[in-house]
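This report describes selected features of a two-chain model. The sequence and structure come first.

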Amino acid sequence: MARALVVRLIILSVALFLGAQAIVPSRAETSVTIGLGLGSQGAESYNPILATRIADPIYLVYDTLVVVDKDFNYHPHLAKSWETSADGLTWTFKLRDDVKFHDGTKFDANVIKWWVPKFAGGENAYMVEAIDSVEVVDDYSFKFHMKHPDPNLLFNLSFGYMGIPSPTAYEKLGDKYGITGAVGTGPYMLKEFVPGQQVTLTKNPDFNWPDPLTKHKGPASIDQLVFRDIPDISTTFLELQTGGIDVWTATAVDFLSRLKAQPNITLIDKASTGMLYLPINVTKKPFDDIRVREAVARAINQKEIRETIFFGTGREADTFLGAALTESKVDPRYLIKYDPERAKKLLDEAGWMMGPGEVRVKDGQELRPTLWVQSDTTLRRVAEMIQAELAAVGIKAELSTFDGTALRDMFKTGKHELAVREYGWSNADVLDYFFSGKRLGFPNISMWNDSKAEALNAKAMTGAKSWDERVKSFTEYHEYILSQFVFAPIHEPAEIIAYNNSKVRLPAAIPAPMLGASTFLDMELVQ
Amino acid sequence: MMMALARRLAVFIPSFLLLTVIIFLVIHIVPGDPIDQLVKAGADAATRDRLMAKYGLDQPLLVQYWTWLGAMLTGDLGESIIQKRPVADLILQSMPYTLTLGILSLALSTVIGVFLGILSGALPNSIFDRVVNAIVIVGASVPTFWLGLFLIMLFSVELRLVPVSGTGGALSLVLPTATLTLSGLTLVTQVMRQSVIATTRSDFVTLLHGRGFSRFYIQSRHIVWHGLIPIITIVGLQIGWIVGGAVTVEVVFGRPGIGTLLIKAINQRDFPLIQGALLMLAGAVILGNLLADLLQAGIDPRIRLGAA
């Protein structure tokens, strides 16, 4: 009898429990789908140590020791604080003590000791090249002993390639790490990664260590984020129209006017990290004459290009570097600005007189340089406009379009004269990449090899012991490059995010140069 | 039959080898290399040389070809330089998507094409014939990427019936399949129509009419079966058309597959991956033609007995 009662009670309580489950609605999973811009598609792996391409979501899976804001100031993240010795040869970092990986393992100084040597031999090895050894001081502090001073260390440490993976998961998954699984300490965990297709992230319920750029505290409020690679921009645009995606991280210029007209779409600017410019091959006549180079540079009307091609977005460029970089703040007399009268005067001085057919002539030769551009709608349009602007001062550029990868190889033959190019990078060392005498042809399309420039380059690249000293040297190098007119600045394009404001709300200003935790943790669902 | 098989196979092997040479040469003659994709702005100049050597790109072309061919014969397609994974894995992963789309479109365009062709051929120059002709010509002359975007505008944006892109469920297959089917319809319809018209005029049909068989009986029992023979060859050719179309359709609809894989690999000059993906696509075309040849030999005694 008593047993029967117990059985009945159990059945009753189970029934009640199940009933309650059915009555109390479980909170629906919230999910937001994000279409990645063309530039951040094609990540092949979420293994930051070996990956050659990374996409925005890597900043959600992993945390970095330091974070950088849009003005390129560095802030603590997994590292609470750091200091560097006067000779720049020792860096001491103190770590947060409350951080653990998605697999539950502890994050401490021993992780760093394991992590840094893992870069050896891979494509990203140069990032830690200056670090000679890692010394664990105690559980939550460590020292980098350097081979030589590297003021750029903080930049590298803030970069997605230096997101810190869980040693346990990394060793366990081996070759498959980054594809079948990836384990970091970030606010979202990798649920599924289909290379070239999409990556699905779910929130890390233990996350409680946001970087100082993020307003939202504690675990993420949105349960799931899906990042999609959509290779065709028209398709991406239509996905945003139909609610297939809620956010588009980098809209194409072609769709700006139509997106602006739609009330349910909000556009926000992200700090730009790119630049359009016109390299001038200084080894080709008549561009060996600095006056002709300056004339080309002064003939380019940045304002007209910004207004007609970029619908008034972005910034008129007057140096080689984005406005957010301190090294772009050069002495105003080095700024390269539109001045067609000066361009005409310089060409006259150089002996290129206006001839019949509105083309300048010297020694029976007409001024008809080639202007090369890759097959990209926006770049092509910019090149066409520049062609017209050059024609206005008597330079008849002949425009040719090529496949982007083929074009790089053609630069290596050194036969080019003028070109329209675009780069995306957020560090002044891009000056070394594009103007160092060690890389003539490509990436140094200007083919510029000048002893004073090489000396300034060496001073900036390896001579500095501190960040401030590095900034000073790079500014000096930048000013010298500008003074020689080896390129002409065109436009600093805005990176514009579009989102469906009936579904989500993004922060009005993106605080970091990349879209990471500070953007997606502060994203809110509407309603 | 065995002779026919042996003869076709004897052609298949050298054409496959020729194919590998062409694929290899085309990729390496076009300017550009994958290392530019790997080297980032902060990396030094020596990194480039180190990577060139690491992937064997500093070797003479002939040596590179020989290494690739040798490995391929042992079933190893190499490793993607950019994606750092075996090419065979990447292809196997994409294959099901392309196969689903390809086979579905091939089957649909053949069945619909044959059906429309028979009706058009039976009623030449009727209104029906003209409408079919118009649809079929538009399907063939409009580029697939445009047709794809047009269908998205109509069915996803305006009518909201199917998703714009991606692989979410069977519904997402509708538009890509429709695009490929429409563009693949022309050849089958036109050939079937001509074939039906030609057969209708042949002596044996006149004879059948003379013997008093009904028009429907002659059409369905004799003309259609006779008219189907060239369709088998066409389906072989059709595989090439569908495979080529799948490349653009996959990109427009953001579907994974050999096409998307190939386009990305070409843009990044990921040599081993381009080679592998092209080989798969070209192999499918050769294999399709081989199958069609054999099928035709099986059906048509004139070909089987070596008259061809």
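## Basis

The model is predicted: local features need pLDDT of at least 70, side-chain atom pairs count only at pLDDT 80 or more, and totals for chains, interfaces and linings use all residues. Residues are numbered from 1 along each chain as its sequence is written, chains are lettered from A and ligands numbered from 1 in the order in which they are written, and side-chain values use heavy atoms, with hydrogens and water left out.

## Strand E10 of chain A

Helices (H or I, at least four residues) and strands (E, at least two) are DSSP runs, numbered from the N terminus. In strand E10 (residues 224-228) of chain A, five of five residues are buried; buried means under 20% relative accessible area, exposed over 50%, and partly exposed in between, with a 1.4 Å probe and protein chains only. Cover is found on both faces: Gln224(A), Val226(A) and Arg228(A) lie on one side, Leu225(A) and Phe227(A) on the other.

Two strands count as paired if DSSP finds at least two bridges between them. E10(A) pairs with strand E1 (residues 31-35) of chain A in the parallel sense over five bridges, and Val226(A) is the bridge partner of Thr33(A). With strand E9 (residues 198-203) of chain A, the pairing of E10(A) is antiparallel, again over five bridges; here Arg228(A) is the partner of Gln198(A).

## A three-stranded sheet in chain A

An open parallel sheet of three strands has the order E19-E18-E20 in chain A. Strands E19 (398-402) and E20 (418-419) of chain A are at the edges with a single partner strand each, so one side of each has no neighbour in the sheet. Strand E18 (residues 370-374) of chain A is joined to E19(A) by five bridges, and Gln374(A) has Phe402(A) as its bridge partner.

Two helices of chain A lie across E18, E19 and E20 of that chain: H11 (residues 377-392), at about 165° to E18(A), and H12 (residues 404-412), at about 140° to E18(A). Axes are lines fitted to C-alpha atoms, for helices over the stretch in contact (heavy atoms within 4.5 Å), and angles run from 0 to 180 degrees between N-to-C directions.

## Contact between the chains

The contact takes 37 residues from chain A and 42 residues from chain B. The buried area is about 3400 Å², of which carbon and sulfur atoms give 54%; this is the accessible area (1.4 Å probe) that two parts lose on being put together, summed over both.

There are three salt bridges between chain A and chain B, each a side-chain nitrogen of Lys or Arg within 4 Å of a carboxyl oxygen of Asp or Glu. One of them links Lys54(B) to Glu123(A), with the closest N and O atoms 3.6 Å apart.

## Backbone features

The peptide bond from Lys285(A) to Pro286(A) is cis, with omega near -5°. Glu358(A) has a positive phi near 60° and is exposed at 51% relative accessible area. Arg269(B) also has a positive phi, about 50°, but is buried at 5% relative accessibility.
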